[in-house]
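Open the model in your viewer and keep the selection panel handy.

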Amino acid sequence: GDGPFPGVIDMYGDEGGLIELRSSLLATHGFAALSLPYFDFEDLPMVLKELKLEYFEAAARFLQRHPKVKGPGVGVIGTGKGAELALSMITFLPEVVAAVSISGCSSNTIADLHYGETTLPGLRFDMKKVSVSDSGVFDIFEALDDPMNPANSSSVIPIEKAEGHLLLVVGEDDRMWKSSLYAELAIRRLRQHGKENFQLLSYPGAGHRIDPPSTPFCQVAMDRVLGVPVRGGGESKAHAHAQEHSWGKIQEFLHLHLG
């Protein structure tokens, strides 16, 4: 159609590259969707070392000004590292008025994030806390630095500054990291500042990668950064339900807050 349509930026995690599956599906459901890579694609850095929020700000402004986009604000949806970037975008960028965080962390991780004079250090993974099964599958559930440790407070995303709306989607059997706990920490921080601008979708038995419905489910998958098979968690029927239910709720949320 001719539009204009609600605009959404779509990002995935530390696998890098350009992933267009979810953007394509959003486009079929009435959104102008921009699939945004942030490393290991064309002229972008090959390795995730540090990030500048100005790159994401440029993407938000590009989408906001596109003639097919309704505006005045845009939304963002992300999974894993992309979810955490979505939280940073809605925190710091006024162009972003709705954010969907799927299996994200409430702190910045892996790579330092810079925006002007502000830097959020990235929490690191402690490989000494990784366990390996007899079949060679890595369990990294306990490996990420503790975001509740006061020494890591500078990595916390100050989401209480967000003026828009947030949707947090987590699987309670996520074995990649403690996304249920991170959602609790985010909600606690919002409520401490008198904010109720959020929804939580928490799914028992679901794992890490809550993708759109009928996406293949894998309890174990190769991790691009580590180069080894890593547990993602989840049980097939419960995970399939989470994918089916959350997909409808995500669309409702984005339509509600983007028009």
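A cavity here is a set of points, on a 1 Å grid over the protein atoms alone, where a 1.4 Å probe fits but cannot get out. A pocket is an open set with protein on both sides within 12 Å along at least five of seven lines, and lining residues have an atom within 4 Å of a point. Grid points are joined across faces, edges and corners, and a volume is the space filled by probe spheres set on the points.

This is a predicted model, in which local features need pLDDT of at least 70 and side-chain atom pairs count only at pLDDT 80 or more, while totals for chains, interfaces and linings use all residues. Residues are numbered from 1 along each chain as its sequence is written, and side-chain values use heavy atoms, with hydrogens and water left out.

**Stop 1**

The structure holds two cavities of 30 Å³ or more. The largest cavity has a volume of about 70 Å³. Select Tyr 12, Gly 17, Leu 36, Pro 37 and Tyr 38: of the 13 residues lining the largest cavity, these are the closest to its centre.

Now turn to the largest pocket, which holds about 760 Å³ of space. Its lining has 35 residues, and Asp 14, Glu 15, Met 176, His 208 and Asp 223 lie nearest the centre. The elements that give two or more residues to this lining are β12 (220–222), β13 (229–231) and α5 (236–258). Such labels refer to DSSP runs numbered from the N terminus: helices are H or I with at least four residues, and strands are E with at least two.

**Stop 2: the sheet**

Switch to cartoon view. Which order do the strands of the open sheet follow? The six strands run β2-β1-β4-β5-β10-β11, with parallel pairing; two strands pair if DSSP finds at least two bridges between them. At the edges stand β2 (32–35) and β11 (198–203), each with a single partner strand, so one side of each has no neighbour in the sheet. Neighbouring strands of this sheet are turned by 15° against each other on average, direction ignored.

Select β4, residues 74–79, which is joined to β5 by six bridges, the two running parallel. Along this pair, Ile 77 stands opposite Val 100 in β5, and the bridge partner of Gly 78 is Ser 101. Four bridges join β1 to β4, again running parallel, and here Val 8 stands opposite Gly 75.

Is β4 buried or exposed? Six of its six residues are buried, so β4 is largely enclosed by the rest of the structure. Buried means under 20% relative accessible area and exposed over 50%, with partly exposed in between (1.4 Å probe, protein chains only). Val 74, Val 76 and Gly 78 are on one side of β4, and Gly 75, Ile 77 and Thr 79 are on the other.

**Stop 3**

The axes are lines fitted to C-alpha atoms, for helices over the stretch in contact, and angles run from 0 to 180 degrees between N-to-C directions.

**Stop 4: buried loop residues**

Go to the loop between β5 (96–102) and β6 (112–115), where Ser 107 lies. Ser 107 is buried, with a relative accessible area of 1%. Contact means heavy atoms within 4.5 Å; not counting residues up to four places away in sequence, Ser 107 touches Glu 84, Leu 123, Pro 147, Ser 155, Val 156 and Ile 157.

Ser 103 is placed in the loop between β5 and β6. Ser 103 has a positive phi of about 55° although it is not a glycine, and it is buried at 0% relative accessible area.

**Stop 5: backbone details**

Glu 42, in the loop between β2 and β3 (50–52), has a positive phi of about 50° although it is not a glycine. At 68% relative accessibility, Glu 42 counts as exposed.

Finish with the peptide bond from Gly 71 to Pro 72, which is cis with omega near 5°. Pro 72 lies in the loop between α2 and β4. The bond from Gly 3 to Pro 4 is cis, with omega near 5°, and Pro 4 is in the segment before β1.
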